[in-house]
Amino acid sequence: MLALARKLNQSIVIGNNIEITLLEIKGDQIKVGINAPKSVPIYRKEIYEQIQEENKKAAQAKVDMGSLKNLFPGNIK
């Protein structure tokens, strides 16, 4: 892990198109601004972990072939 010291309103750049700026410091909280292309998903880590867990569950779910046949009649044998 790379650890960088930044002061208020200073930034770091990741790659060619992501900029992270330190916007505010209040007590034990730090507010950061992220400027990135809309095609780059940005999540809080706890939300990202929830998404990954739900994706794993969905990938392991059993498929009811009867229901699929009803949705796509004539296409599934």
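How far apart are the mean positions of the positive and negative charges of the chain? They are 5 Å apart, for 12 positive and 8 negative charges. Lys and Arg count as positive, Asp and Glu as negative; His and the chain ends are left out. Each charge is placed at NZ of Lys, CZ of Arg, CG of Asp or CD of Glu.

This is a predicted model: local features need pLDDT of at least 70, side-chain atom pairs count only at pLDDT 80 or more, and totals for chains, interfaces and linings use all residues. Residues are numbered from 1 along each chain as its sequence is written, and side-chain values use heavy atoms, without hydrogens and water.

Start with the fold. The chain has two helices and three strands. Their order along the sequence is β-β-β-α-α. Both are DSSP runs: helices are H or I of at least four residues, strands E of at least two.

Now the overall shape. The C-alpha atoms fill a box of roughly 65 × 30 × 20 Å along the principal axes. The radius of gyration is 22 Å, whereas a compact globule of 77 residues would have one near 11 Å. It is taken over C-alpha atoms, and the globule rule is 2.2 Å times the number of residues to the power 0.38.

Burial comes next. Of the 77 residues, 5% count as buried. Buried means under 20% relative accessible area, exposed over 50%, partly exposed in between (1.4 Å probe, protein chains only).

Finally, Y43 and Y48 are both partly exposed, Y43 at 47% and Y48 at 41% relative accessible area.
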